Amino acid sequence: MLVNSKDILVKAKREGYAVPAPNFIDLDSARVFVETAEKWKKPLILPFAQAHESILSLEEASLIGKYLGEKSSMP
């Protein structure tokens, strides 16, 4: 489920919990983060750091994030 990160963070602040935002470097790491969020039924912000552009291009990272976000049932 793709949602606005502001919506996730406002809800988290109101309800008193943190939202993890682990940087992914490839499809496998992104998939593990999303699967873990699904398993625990918790929201996740899936960022990509520019420092990793030598490993994965921004275009590829955006495709991965969009694909996994659309498949996920968690925000």
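**A tour of the helices**

Begin by selecting Asn 4, which caps the N-terminal end of helix α1 (residues 5-15), with a side-chain oxygen 2.6 Å from the backbone nitrogen of Lys 6. Helices here are DSSP runs of H or I with at least four residues, numbered from the N terminus. This is a predicted model, in which local features need pLDDT of at least 70, side-chain atom pairs count only at pLDDT 80 or more, and totals for chains, interfaces and linings use all residues. Residues are numbered from 1 along each chain as its sequence is written, and side-chain values use heavy atoms, with hydrogens and water left out.

Then select Thr 36, which has its place in helix α2 and counts as partly exposed because its relative accessibility is 37% (buried is under 20% relative accessible area, exposed over 50%, partly exposed in between, with a 1.4 Å probe and protein chains only).

Finally, select residues 58-71, helix α3, whose 14 residues reach 20 Å from first C-alpha to last, close to the 20 Å expected at 1.5 Å a residue (the expected span being 1.5 Å times one less than the number of residues). Within α3, Ala 61, Ile 64, Leu 68 and Gly 69 are buried. Seen down the axis of α3, these buried residues fall within an arc of 120°, so they line one face of the helix (the arc is that of the directions from the helix axis to the C-beta atoms). The buried residues of α3 pack against α2 (27-40), with contact meaning heavy atoms within 4.5 Å, whereas the face turned away from the buried side carries the exposed Glu 59, Leu 63 and Lys 71.

Definitions and conventions
Helix = DSSP H or I, 4+ residues; strand = E, 2+ residues; numbered from the N terminus. Polar contact = N/O pair within 3.5 Å; in protein donor to acceptor, adjacent residues only side chain to side chain.
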